[in-house]
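Visitor: I have a structure open and would like to go through it with you. Can we start with a term I will need?

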Amino acid sequence: MYSEFSVWLLLVAVGFAVLAAWNIIDVYVKKKKDINLHEGEEEWPLPDLGRTLIVYYSLGGKTRRLAQEIASITGGKLYEILPEREIKKAPFVYFSSRKYLNGGGYPPIVADLPDPNYYDTIFVGSPVWWGKAAWPLAAYLEKTDFQGKKVIPFCTVRSDYGSFFEDFEKKAKNAKILEGEYFYNHSRKYDYVVRNKIRLWLNILEE
């Protein structure tokens with residue numbers, strides 16, 4: 001006979017398995033919808049963004065590729081946010097970084113930050129960790145005064161962007177924030193979908 005504790009453990013394990021399966025299905029459905037919406041080849045006209053800077057933090061490379069695509073389309077200059085102590089991609093990194101995501105006390109980032117005053121439009125992005133911006137981006141916002149420049153947030157997500165944009169608006173000092181956009185972590189074969197989504201997004205930006 002199974003003990004009550006064994007039955008409880010079994011039920012917990014089954015519950016976690018069901019939740020994991022549901023999450024996988026949910027992510028698949030969201031990504032498929034995103035692909036269907038942005039797989040056309042229409043060339044959207046682009047607004048005049050002036051001198052453009054793309055600031056980003058990337059851990060695994062997906063946000064870097066997105067930033068590079070934005071730079072390719074806009075002709076902007078890239079700046080990568082770098083922690084002074086490298087964050088190595090590993091399963092535990094998201095758990096160890098969670099303590100920083102509620103604000104303040106961030107580990108230091110490389111201090112050679114670009115001067116916003118030189119640019120007309122500044123894109124700023126990172127992956128979403130636990131429903132929030134990765135802490136290196138939050139640390140960058142803490143150190144930056146945008147001096148009234150147009151600032152456009154973006155992020156990469158596995159499933160949902162959480163409070164990324166809401167938090168960004170609160171933390172971006174003296175920024176004229178335009179509508180941001182989120183991008184799923186599609187495989188490389190869907191790079192054309194990402195390009196189309198970027199062009200559509202830029203086309204409908206409103207000052």
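Guide: Start with burial: a residue counts as buried when its relative accessible area is under 20%, as exposed when it is over 50%, and as partly exposed in between. Glu69 has a relative accessibility of 18%, so Glu69 counts as buried. Note also that this is a predicted model.

Visitor: Which residue does Glu69 form a salt bridge with?

Guide: Its partner is Arg195, and the closest N and O atoms are 4.0 Å apart. The pair links distant parts of the chain, with Glu69 in helix α2 (residues 62–74) and Arg195 in helix α6, 126 residues apart. Arg195 has a relative accessibility of 33%, so Arg195 is partly exposed.

Visitor: What about α6 itself, how many residues has it got?

Guide: Helix α6 covers residues 191–203, which is 13 residues. From first C-alpha to last it reaches 18 Å, close to the 18 Å expected at 1.5 Å a residue.

Visitor: Which residues in α6 are buried?

Guide: Val193, Val194, Asn196, Lys197, Ile198, Arg199, Trp201 and Leu202 are buried.

Visitor: Back up a bit. How many helices and strands does the protein have?

Guide: There are six helices and seven strands. Read from the N terminus, the order is α-β-α-β-α-β-β-α-β-α-β-β-α. The protein has 207 residues, and buried ones make up 42% of them.

Visitor: What sense does β3 pair in with β1?

Guide: β3 and β1 are parallel, with five bridges between them. Val55 has Val124 of β3 as its bridge partner.

Visitor: And how many bridges join β3 to β5?

Guide: Seven, and these two strands also run parallel. Here Phe123 has Ile152 of β5 as its bridge partner.

Visitor: β3 and β4, parallel or antiparallel?

Guide: Antiparallel, with two bridges joining β3 to β4, which is residues 132–133. Val128 stands opposite Ala133 in β4. The two strands form a hairpin with two residues between them, and Trp130 in that hairpin takes a positive phi near 55°.

Visitor: New topic: the inside. Which residues touch the most other members of the largest nonpolar core?

Guide: Val124 and Tyr140 do, in a core of 33 residues. The elements that give two or more residues to this core are β1 (52–56), β3 (121–129), α4 (135–143), β5 (150–157) and α5 (164–171). The largest share is the six residues from α4.

Visitor: Why would residues like that be together?

Guide: In soluble globular proteins, nonpolar side chains tend to be buried together.

Visitor: Leaving aside its neighbours within four places in sequence, what is Tyr140 in contact with?

Guide: Tyr140 is in contact with Val55, Ile81, Ile109, Leu113, Val124 and Phe146. There is also a second, separate core of 18 residues, which includes Phe123, Ile152, Phe154 and Val194.

Visitor: You listed Tyr140 with Phe146. Are those two buried or exposed?

Guide: Both Tyr140 and Phe146 are buried. As for aromatic pairs, the count comes to ten. The ring centres of Tyr140 and Phe146 are 6.1 Å apart and their planes are at 70°, so this pair is edge-to-face.

Visitor: Which residues do ring pairs link into a cluster?

Guide: That cluster holds Tyr161, Phe164, Phe165, Phe168, Tyr182 and Tyr184.

Visitor: Back to salt bridges. How many does the count come to?

Guide: Five. One of them joins Asp120 and Arg51, with the closest N and O atoms 4.0 Å apart. Asp120 lies in the loop between α3 (93–97) and β3, and Arg51 in the loop between α1 (4–37) and β1, so the pair ties together parts 69 residues apart in sequence.

Visitor: Why does Asp120 count as partly exposed?

Guide: Its relative accessibility is 31%, which falls between the 20% and 50% cut-offs. Arg51 is partly exposed as well, at 41%.

Visitor: And what does Lys132 meet in a salt bridge?

Guide: Lys132 meets the side chain of Asp167, at 3.4 Å from N to O. Lys132 lies in strand β4 and Asp167 in helix α5, so the pair ties together parts 35 residues apart in sequence. Asp167 is at 14% relative accessibility, so Asp167 counts as buried.

How values were computed:
Residues numbered from 1 in each chain as written. Predicted model: local features only at pLDDT ≥ 70, side-chain atom pairs only at ≥ 80, totals over all residues. Heavy atoms only, no water. Core = buried A, V, L, I, M, F, W, Y, C linked by side-chain atoms within 4.5 Å. Buried < 20%, exposed > 50% of the residue type's maximum accessible area, 1.4 Å probe, protein only. Helix = DSSP H or I, 4+ residues; strand = E, 2+ residues; numbered from the N terminus. Contact = heavy atoms within 4.5 Å. Pairing = 2+ DSSP bridges. Expected span 1.5 Å × (residues − 1). Phe/Tyr/Trp six-rings, centres within 6.5 Å; stacked < 30°, edge-to-face > 60°.
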